[in-house]
Structures are given as structure tokens and as C-alpha cells.
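Here is a quick tour for someone meeting this protein for the first time. Have a look at the model, then read on.

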Amino acid sequence: QVAIGPGDFTFYVKNGWLVEGGKITAPIKDVNLIGNGPEALKRITMVANDFKLDPGGWICGKYSQSVPVSIGMPSALVSRMTVGGENV
């Protein structure tokens, strides 16, 4: 869920991994990532070299307005983000 104007977002993570000190430490599930897009971009401190693009035939838009899009990015470290209601 994204509020496009201010850039606020909430994303549900069904299954993921907790990374601490650069190491995968524990599985996580059923949590939310909460934040603001422009602020999250400012907090990126590392980017991996594992870029993947899924050209997949995705569509973005609403009503009768739609545009074909692709999705993809490398793994990135965001220095601070709210996860499941806790600011970490």
C-alpha cells in the first residue's frame, strides 16, 4: 500500500530473513515494513551486485489508464526502517 503524494508505504512480508551484522540470522514472517519512499532511498547505505530484472508483462495504472512496466533492483541495505511497528 502506497500513498503516492507523500510517498508513505506499508508492505506486508509473508516470509523473509533478518540480517544482522551482514549475516542472515533468523527467518521472519508476517511483519510489515512501514516508511516513506524518499526517506528510505536517502537511508540506503549499501547496494549489492545481484541486480535482477523481471520484465514479466506487468501493468501499472488504474481505470482505463495503464502502462506496461518491469520490476527489478539489487539488494540494498536501508540503515533504518520501521518493521512490524518497531523502529529498527
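## Ground rules

A residue is called buried under 20% relative accessible area, exposed over 50% and partly exposed in between, using a 1.4 Å probe and protein chains only. Helices (H or I, at least four residues) and strands (E, at least two) are DSSP runs, numbered from the N terminus.

This is a predicted model, where local features need pLDDT of at least 70 and side-chain atom pairs count only at pLDDT 80 or more, while totals for chains, interfaces and linings use all residues. Residues are numbered from 1 along each chain as its sequence is written, and side-chain values use heavy atoms, with hydrogens and water left out.

## A hairpin in the open

Let's start with strand β5, residues 52-62. Of its 11 residues, the number buried is zero, so β5 lies largely in the open. β5 runs antiparallel to strand β6 (residues 65-73), and eight bridges join them; two strands count as paired if DSSP finds at least two bridges between them. Pick Asp54, for instance: its bridge partner in β6 is Ile71.

The hairpin of β5 and β6 has two residues between the strands. Tyr63 sits in that loop and counts as exposed, at 79% relative accessibility.

Most residues other than glycine have a negative phi. Asp30 belongs to strand β3 and is partly exposed, with a relative accessible area of 45%.

## The largest pocket

Rolling a probe the size of a water molecule over the atoms shows where empty space is left. Here the search uses a 1 Å grid over the protein atoms alone and a 1.4 Å probe; a pocket is an open set of points with protein on both sides within 12 Å along at least five of seven lines, and lining residues have an atom within 4 Å of a point. Grid points are joined across faces, edges and corners, and the volume is the space filled by probe spheres set on the points.

The largest pocket has a volume of about 1300 Å³. Its lining is made of 34 residues, and Leu33, Ala76, Leu77, Val78 and Met81 lie nearest the centre. Which element gives the largest share of the lining? That's β2, with eight residues. Among the other elements that each supply at least two are β3 (23-36), α1 (37-42) and β7 (76-78).

By class, the lining has 25 nonpolar, six polar and three charged residues. Ala, Val, Leu, Ile, Met, Phe, Trp, Tyr, Cys and Pro count as nonpolar, Asp, Glu, Lys and Arg as charged, and the others, Gly among them, as polar.

## Side chains that pair up

Rings of Phe, Tyr and Trp (its six-membered ring) pair if their centres lie within 6.5 Å; planes under 30 degrees apart count as stacked, over 60 as edge-to-face and the rest as tilted. The whole structure has one aromatic pair. The rings of Phe9 and Phe11 have centres 5.1 Å apart and planes at 25 degrees, so the pair is stacked. Phe9 is buried at 10% relative accessible area, whereas Phe11 is partly exposed at 39%.

There is also one salt bridge, meaning a side-chain nitrogen of Lys or Arg within 4 Å of a carboxyl oxygen of Asp or Glu. Glu39 and Lys42 form it, with their closest N and O atoms 3.3 Å apart. These two are three residues apart in helix α1, so about one helical turn separates them. Glu39 is partly exposed at 31%, and Lys42 is exposed at 63%.
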